[in-house]
Amino acid sequence: TNWNYTRSSTYYGVRLNYLDLPLLIGTTWGRKLQISANAGFGFSYLVRGLEVAQVYERGADPLFKTPLDQPLLSSSRMDWGIHGNVNLSYPLGKGSLILSMRYYQGWREVGLDFSSVLRIRSRSVNVGYVFGMGKG
């Protein structure tokens, strides 16, 4: 999760790395091309926070990267919210080609010392290949 703002020619950002534990229920449609959808509730735990500032020019090295203070983050390490994903799966060779799209919306405010209210939100798109490891 990133929170960013720009002042004059300097970019400031906060990167928060969470470990997610979703509890999902879902369904699947189709035979050859399978579409599956899952939705549910989940928990997230803040593993690491990093504050970044860099000159607002493409390719510039960061001016500094410092971990956020532990007391600043300790009150908001746990988050909970809603998870959802949609997957497309197509058999290819001995496995399946997968396209997965995922969304998470946190319900808890992040306790950083900034003027705006922050809530965790993440979106991801993944492509992969799944194959069996056993006899079959």
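The model is predicted: local features need pLDDT of at least 70, side-chain atom pairs count only at pLDDT 80 or more, and totals for chains, interfaces and linings use all residues. Residues are numbered from 1 along each chain as its sequence is written, and side-chain values use heavy atoms, with hydrogens and water left out. The protein chain holds one helix and seven strands. Helices (H or I, at least four residues) and strands (E, at least two) are DSSP runs, numbered from the N terminus.

**Overall layout**

- Along the sequence, the pattern reads β-β-β-β-α-β-β-β.
- The protein chain has 136 residues, and 26% of them are buried. Buried means under 20% relative accessible area, exposed means over 50%, and partly exposed lies in between (1.4 Å probe, protein chains only).
- The accessible surface of the protein chain comes to about 9,500 Å². Carbon and sulfur atoms hold 56% of that surface. Accessible areas come from the Shrake-Rupley method with a 1.4 Å probe; for residues, only the protein chains shown count as cover.
- Take the contacts between residues at least 6 apart in sequence: 58% of them join residues at least 24 apart. Contact means heavy atoms within 4.5 Å.

- Strand 5 (residues 78-92) pairs with strand 6 (residues 95-109) in the antiparallel sense, over twelve bridges. Two strands pair if DSSP finds at least two bridges between them.
- Val86 has its bridge partner, Met101, in strand 6.
- Two residues sit between the strands in the hairpin of strand 5 and strand 6. In this hairpin, Gly93 takes a positive phi near 65°.
- Strand 6 also pairs with strand 7 (residues 119-131), again in the antiparallel sense and over twelve bridges.
- Gln105 has its bridge partner, Arg121, in strand 7.

**Nonpolar core**

- The largest nonpolar core has six residues: Val14, Leu16, Tyr18, Leu46, Tyr104 and Ile120.
- Strand 2 gives the largest share of this core, with three residues.
- A nonpolar core is a set of buried Ala, Val, Leu, Ile, Met, Phe, Trp, Tyr and Cys residues joined through side-chain atoms within 4.5 Å.

**Aromatic pairs**

- The whole structure contains three aromatic pairs. Rings of Phe, Tyr and Trp (its six-membered ring) pair if their centres lie within 6.5 Å; planes under 30 degrees apart count as stacked, over 60 as edge-to-face and the rest as tilted.
- One of them joins Phe41 and Phe43. Their centres are 5.2 Å apart, with 85° between the planes, and the pair is edge-to-face.
- Phe41 and Trp107 have ring centres 5.7 Å apart and planes at 50°, so this pair is tilted.
- Phe41 lies in strand 3 (residues 34-55) and Trp107 in strand 6, so their pair ties together parts that are 66 residues apart in sequence.
- Phe41, Phe43 and Trp107 form one aromatic cluster.
- Each member is partly exposed: Phe41 at 30% relative accessibility, Phe43 at 32% and Trp107 at 44%.

**Salt bridge**

- The whole structure contains one salt bridge. A salt bridge is a side-chain nitrogen of Lys or Arg within 4 Å of a carboxyl oxygen of Asp or Glu.
- The partners are Asp20 and Arg102, with their closest N and O atoms 3.1 Å apart.
- Asp20 lies in strand 2 and Arg102 in strand 6, so the pair ties together parts that are 82 residues apart in sequence.
- Asp20 is partly exposed at 27% relative accessible area. Arg102 is partly exposed at 28%.

**Leu33 and Ser89**

- Leu33 sits in the loop between strand 2 (10-29) and strand 3. Leu33 is partly exposed, at 46% relative accessibility.
- Setting aside neighbours within four places in sequence, Leu33 is in contact with Ser89 and Tyr90.
- Leu33 and Ser96 are 63 residues apart along the chain, and their C-alpha atoms are separated by 9.7 Å.
- Ser89 lies in strand 5. Ser89 counts as buried, at 14% relative accessibility.
- Not counting residues up to four places away in sequence, Ser89 touches Lys32, Leu33, Gln34, Ser96, Leu97 and Ile98.
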